[in-house]
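Try each task before reading its solution.

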Amino acid sequence: MGLLDGLRAILGSRAETDAGRDADPDDLFGMSTAYLTMEADLGYESLDVGALCFSGVDSSDFREAVDEVEAILEAGREETGTEFSVTVDDHGYHWVVLADDDPEDLITSMHFAADTFIEHGYGSRLLAAVFAYEKRGGALGNRDGGETTGAGESAYWIYSFRRGRFYPFVPKSGRERDSSAEFTLESALDGELEIEREKDYWYPLWPSEGGTHPWE
């Protein structure tokens, strides 16, 4: 099974078939308290960046839905200060990348974007929401998702729209995962987030070649 097939299986059709409940964008608001636990209890600071991953459709109607997402985020930029961009990675997946040093505004903007896709009937195209953190004591990243100096330990909380649950992803060099750190995050956030219990669905979202974060 190739990378794209694996992503489709874990976050796409297989997840939809095996879903325990309907996904709800309101689940994203769970991160409003989770980021405090990440910092105070675990020493991870928010990178002030998050992203929505979705699969595209070659149709004018879908393009209009994406345009409306951009229009809504643009309209809210002055009030929230949330910066955004829409990109496509090397695997062919689309991303709405958002940056804001206020976690509440970041989460709210991400919710608006996801809800707009759903209102247009494209909720099934939403695959995941990703929230980025970095271990305090290493080099802290900037709000564009880049690193300042050194090499800190990045960690991500990923929300699967098809499963309606969160899971941690802590990558290491060589496309390895820090399973111990992931289990620590799972234990610490259990109760604040709806955690994915089936580890088979903890799918790693590796960046494109030369990228740092899953959306790059």
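Predicted model: local features only at pLDDT ≥ 70, side-chain atom pairs only at ≥ 80, totals over all residues.

**Exercise 1.** Determine how helix α4 and helix α5 are arranged, and which residues make their contact.

*Solution.* 
- Step 1: Locate the helices. Helix α4 covers residues 60-80 and helix α5 covers residues 103-119.
- Step 2: Take the axes. They come within 9 Å and cross at roughly 155 degrees.
- Step 3: Classify the angle. Angles over 145 degrees count as roughly antiparallel, so α4 is roughly antiparallel to α5.
- Step 4: Assign the hand. The crossing of α4 past α5 is right-handed.
- Step 5: List the contact. From α4 come Phe62, Ala65, Val66, Glu68, Val69, Ile72, Leu73 and Thr80. From α5 come Asp105, Ser109, Phe112, Ala113, Thr116 and Phe117.
- Step 6: Sort by class. The contact of α4 with α5 has 9 nonpolar, 3 polar and 2 charged residues.

**Exercise 2.** Is serine 154 buried or exposed, and which residues does it touch?

*Solution.* 
- Step 1: Serine 154 lies in strand β5, residues 154-160.
- Step 2: Check the area. Its relative accessible area is 11%. Buried means under 20%, so serine 154 is buried.
- Step 3: Find the neighbors. Leaving out residues up to four places away in sequence, serine 154 touches Tyr133, Glu134, Val170, Pro171 and His213.

**Exercise 3.** Identify the buried residues of helix α3 and the elements they pack against.

*Solution.* 
- Step 1: Met31, Ser32, Ala34, Tyr35, Thr37 and Met38 are buried.
- Step 2: Recall helix geometry. An α-helix has 3.6 residues a turn, so residues three or four places apart point the same way.
- Step 3: Trace the packing. The buried residues of α3 pack against helices α5 and α6 (179-189). They also pack against strands β1 (44-54), β4 (126-135), β5 and β6 (165-169).

Methods:
Residues numbered from 1 in each chain as written. Heavy atoms only, no water. Axes fitted to C-alpha atoms, helices over the stretch in contact; angles between N-to-C directions. Helix = DSSP H or I, 4+ residues; strand = E, 2+ residues; numbered from the N terminus. Parallel < 35°, antiparallel > 145°, perpendicular 65-115°, else oblique. Left-handed = near helix turned anticlockwise from the far one by under 90°. Contact = heavy atoms within 4.5 Å. Nonpolar A, V, L, I, M, F, W, Y, C, P; charged D, E, K, R; others polar. Buried < 20%, exposed > 50% of the residue type's maximum accessible area, 1.4 Å probe, protein only.
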